[in-house]
Amino acid sequence: MTRPAIQLENVSVRYPIRKGLLRRVVGEVHAVEDISFSINEGETVGLVGESGSGKSTTGRALLGLSPLSAGEVQCFGRDLRSLLAERGTLPRVSQIVFQDPYASLNPRMTVGETLREVLEVHGLATGAAAKARVNQLLADVGLREDIAERHPHSLSGGQRQRVAIARALAIEPRFIVLDEVVSALDVSIQGQIVNLLQDLQRTRNLTYLFITHDLSIVSHVSHSIVVMYGGQIMEKGPRRSVFAAPLHPYTSALLSAVPIPDPKIERTRPRLDVRSEPPDPTAPLPGCRFQRSCPFATQICRTERPPLRGLGGDTDHVAACHRMEEPHVREALTRTARGALS
Amino acid sequence: MLSFIIHRALQIIPVIFGVTLATFLLAQIIPGDPADVLLGSMATEEAREQLRESLGLNEPVYVQYAIYLQKLVQGDLGQSFTFAQPVSQVILERLSNTALLAIAAIILASVIGVAAGTWAALKPGSARDQGLSVVVLFFNSMPSFWLGLVLILIFGLHLRLLPVGGMQSVTGGGGVLSLMAHMVLPTITLAAWSLAVIARMTRSSILDVINSDYIRTARSRGVGEARIVLRHALPNAMPAVITVIGMQMGFLLSGAVLTETVFSWPGIGLAMYQAISTRDIPLIQGGILVIAVAFVLINFAVDVLYAYFNPKISVA
Amino acid sequence: MTMVEQTQILSPTGPVLELRGLGVGYGRGENVLQVVHDVSLSVARGEALGIVGESGCGKSQTMLAALRLLPRGGRVTSGQVFLEGRNLLELSEREMRKVRGGGIALISQDALTALNPAMTIGAQMAEPMVHYQGMTRAAATKRCTELLDLVGIPGAAARLRSYPHELSGGMRQRALIAMAISANPKVLIADEPTTALDVTTQSQILRLIDRLRKDLGMALILITHDLGVVAGVTDRVSVLYAGRVVETAETQTLFESPRHPYTKALLDSIARLGDESSERLRPIPGLPPDPNNPVPGCPFNPRCSHVVPLCRSVLPELEDRVKGGSHPVRCHVDPYVEPARRLASGAAR
């Protein structure tokens, strides 16, 4: 049994809220609350959620870009906090690629300069060796050498995103956080980036955390899925079983809402309607985070936070729902999921 | 909103302290012995020593600063030997005159500047826009004393339409009309530079705003151009313009020195000019202090006004 | 030209909005940047038309041109826009202002930037009512409250006093929809109404728009890049590429039997929920079209897998060469239709 590459245990990220004349801390924003999951080496975990779910914060926390208020993160067997304390070690292990290909590249530097900078800052190569390495990186992401002379604004969105990936690969990381990396691209070329990422994963045994709100893409890329809502995990498990037989109403609601490009299916499939009332991250209610939107919420949901558990003792596919064993709930969720998948 | 105001007010306090320190040090670094200046070169060493003692000039610097602050709080800004009056009295008598001119100038500059800037922004690149650029460049470049003298030449001497100086007629009973007549030329002179800056800022701010999505939404619902400009574009362009207007108030206070001198307008500016000529250090100090504090308070008022126009700022 | 004459008479059976050969460009003289070359489409009363395309296809520009709301520097370079038979491009600005809102209404993409941040929701919503439709403030407030209820915003009275940044994304979009339908338009144009929203909100907003247009009898033009959105709401779809319509068909037909290679490639490139992760996605190779560097011949030829030499030199016409068809396509090759169904034509093959 190999130890997972990345492991989160009871991780929380909270930000202080300051108000008043003296800027006193009056409360906290619970961006991420007590989440635990792991990513096996060479695999992809799809982290799914809508705005306010805490998914981006989680991704950033794994790189030390958001402060951990509680819990532990293990990266390839080492504690994240001690990795961060040791400067220069963390970046060799992990990297991140962001959503906006327009904002994440310095517009005043050419592509070549951007990539060379990474190599030089980390003492990986200089001069002619750096130039050769830059060309190799460009080739690895499917770009021609002459792209090195160009500035970001003259490249298309897809090309820019490839450059961002090349930059992430420059230091030969083992783990990459991909935060909505294809969301800003045209649908017809999203596949170019996704295929590239999958090829790179296969050839270099890379580990990915793929953060997105797009269930169709995540379904393609991930081995397992983690569904977040209001800073907490609602459901997690192998991709196939989470999407084919979701245990949590929220997962089902997400599946229900995805527009399916097939008129017959789209107009006749059963849907799970939820009231979209996003939870207040500064004043979390007791009980389940999803209570205000859930069509199945009852008394217990408003008082006790449901633990993550599986059906019949299953530990691979778990969800945080008090009512998940009830037959009519299960039936409604499965029906909606099947409607989306057929 | 209230906590925002209080917060900003608290932030002003250290600024004002800094201002008093700066004006205090100003007097310290000016070469020359005040005793010499006050008594003249014929006085005896004893007399000078006595004066230094009474002025506290032999104490260490920080003690002198403390004395200075103490006197400030009591309203004692020292004695002006040019006017043979306490400095505070000199300033008080003339403050309202300067304020009158400055307020008139800022109103003129704001109203015409905003109107002209908006008018030009609605057709960028057109003849009227380019015309405005030329006018702006002109007003930005001319020194105010040159403009003042030219206006006096044209309207005062050649056309004999307006008085050439002073605040009231020497002959005749005075009155509001006479005051207004006397105000026209100095106000224009004082306002000219600010008008150019405000017009330019308004123009660019309106251009920023006029292509916004919400303008398009309003147009798509059939709202007419006039309302678009007045009710949608201008209020959203104003925050940036107001900041500039606030800054201009400060410049107007200092610009008053030249304008008041040219027009012999009896305000603080003219008094400062006279004080500088006679090296009347207490008056110089007092004048700078009052102007600087006024500047800080005006900027505070501008911040509050900005927050009023932009609801997001006061809540943040 | 009988068809043309017919549509110029106000006809209850004709299309309520029709664009013919519309072209939009920026700049003048030598340096015109053509963003829309030739778009012809129509929508009938109560019908929902989807306009599908990706970046650079000109779908938003087309609709802005129809409303004569192009940003500075843009102008209509060719074509006509008919609303119930009236050519909108010939109207004076004053007459056009009456058409906007009451004839054609627009819902923009990003509700946060589409609402005036310095005005309350109520003030913005009531503005045309009070100032251009002669309603009293009280009557306008009542109507606004009704509209907010209609779009499912609870606590309408309080909401009217709120500023846009105080509302959630979904509620802002609903407010924007309420504003659009306030003058009972005949045509509602929704430009990517769900792109800036969460998935669960998207679904609700789409269904709201669908329900409203059916209840109020409006024609709907839905502009989007998302084929799933189109599948759920529209009756017919026009696909745009590089500023031209390349295919128009009934929705079901478009998905089942697309004819243009771009449409087919687009459908094939989408990731779908049930896919196996072992399957590679099939993106369209190459880059999206660049309006600054138009390609000779068919704009899709650099990326098309069915390209023949003719495609590189001659721009195909938008026509339907299949017997009995109402499914125009802009393609020389028309590769997915059996040759037997094709009408004999004189065009070189």
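1. A helix crossing is left-handed if the near helix is turned anticlockwise from the far one by less than a right angle, and right-handed if clockwise. H4(A) and H6(A) cross in the right-handed sense. Helices here are DSSP runs (H or I, at least four residues), as are strands (E, at least two), numbered from the N terminus.

2. This is a predicted model: local features need pLDDT of at least 70, side-chain atom pairs count only at pLDDT 80 or more, and totals for chains, interfaces and linings use all residues. Residues are numbered from 1 along each chain as its sequence is written, while chains are lettered from A and ligands numbered from 1 in the order in which they are written.

3. Chain A has 13 helices and 11 strands. Its C-alpha atoms fill a box of roughly 70 × 60 × 50 Å along the principal axes.

4. Back to the helix pair. H4 (residues 111-121) and H6 (residues 157-169) of chain A have axes that come within 9 Å and cross at roughly 20°. Axes are lines fitted to C-alpha atoms, for helices over the stretch in contact; angles run from 0 to 180 degrees between N-to-C directions. H4(A) is therefore roughly parallel to H6(A) (angles under 35 degrees; over 145 is roughly antiparallel, 65 to 115 roughly perpendicular, the rest oblique).

5. H4(A) brings Val111(A), Thr114(A), Leu115(A) and Val118(A) to this contact; H6(A) brings Val163(A), Ala166(A) and Arg167(A). Contact means C-beta atoms, placed from the backbone, within 7 Å.

6. Chain C meets chain A through 39 residues from chain C and 38 residues from chain A. On the chain C side, H9(C) gives the most, with 6 residues.

Methods:
Two residues are in contact if their C-beta atoms, placed from the backbone, lie within 7 Å.
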